[in-house]
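Please take a moment with the sequence and the model below before reading on. The explanation then walks through two places in it.

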Amino acid sequence: LGGDIACSLLAALQFRLPHEGLTAAGVHGQVFLNGGTLCSLQGAASPAAFARDFTSSFRWSAGAGVVWATQIGRLELNLCHVLRAGQHDAKRGLQFGFCPLPW
């Protein structure tokens with residue numbers, strides 16, 4: 001991978017789960033849509049050609065899952081579906097994520 005410009009977008013809706021014990025433990029649900037691209041500034045014949053290549057190279061995915069806010073960071077388990085993929089990208093599946101708190 002490589003490129004001169006990287007762009008990513010994320011929209012998420014978080015919600016309480018119906019079980020009080022999960023809410024008390026810091027667990028909530030989420031649905032999301034995200035997208036992104038990585039492209040090069042080299043080789044574009046014109047600004048219009050670059051804009052067309054930039055927008056057509058975006059990859060998109062959507063999903064839903066649960067998030068657990070812990071003292072060391074945020075843990076996620078999501079079911080993802082790729083809406084627009086590259087040739088070698090996965091199409092759907094489970095995703096596990098961890099985002100540590102800043103130290």
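What follows looks at a group of aromatic side chains and then at one serine.

The model is a predicted one, and it holds three aromatic pairs. One of these joins Phe 50 and Phe 54 in a stacked arrangement, with the ring centres 5.9 Å apart and 25 degrees between the planes. Both residues belong to helix α2, which covers residues 47-56, and they sit four residues apart, about one turn of the helix. Their accessibility falls on either side of a cut-off, because buried means under 20% relative accessible area: Phe 50, at 22%, is partly exposed, whereas Phe 54, at 18%, counts as buried.

Phe 54 also pairs with Phe 58, this time edge-to-face, at 5.5 Å centre to centre and with 90 degrees between the planes. Phe 58, like Phe 54, is buried. Taken together, Phe 50, Phe 54, Phe 58 and Trp 60 make up one aromatic cluster.

Is Ser 61 buried or exposed? Ser 61 counts as buried because its relative accessibility is 15%, which is under the 20% cut-off. Its side chain makes a polar contact with the side chain of Asn 34, at 2.4 Å.

Key:
Residues are numbered from 1 along each chain as its sequence is written. This is a predicted model: local features need pLDDT of at least 70, side-chain atom pairs count only at pLDDT 80 or more; totals for chains, interfaces and linings use all residues. Side-chain values use heavy atoms; hydrogens and water are left out. Buried means under 20% relative accessible area, exposed over 50%, partly exposed in between (1.4 Å probe, protein chains only). A polar contact is a pair of N or O atoms within 3.5 Å; within protein, one must be able to donate a hydrogen and the other to accept it, and residues adjacent in sequence count only if both atoms are side-chain atoms. Rings of Phe, Tyr and Trp (its six-membered ring) pair if their centres lie within 6.5 Å; planes under 30 degrees apart count as stacked, over 60 as edge-to-face and the rest as tilted. Helices (H or I, at least four residues) and strands (E, at least two) are DSSP runs, numbered from the N terminus.
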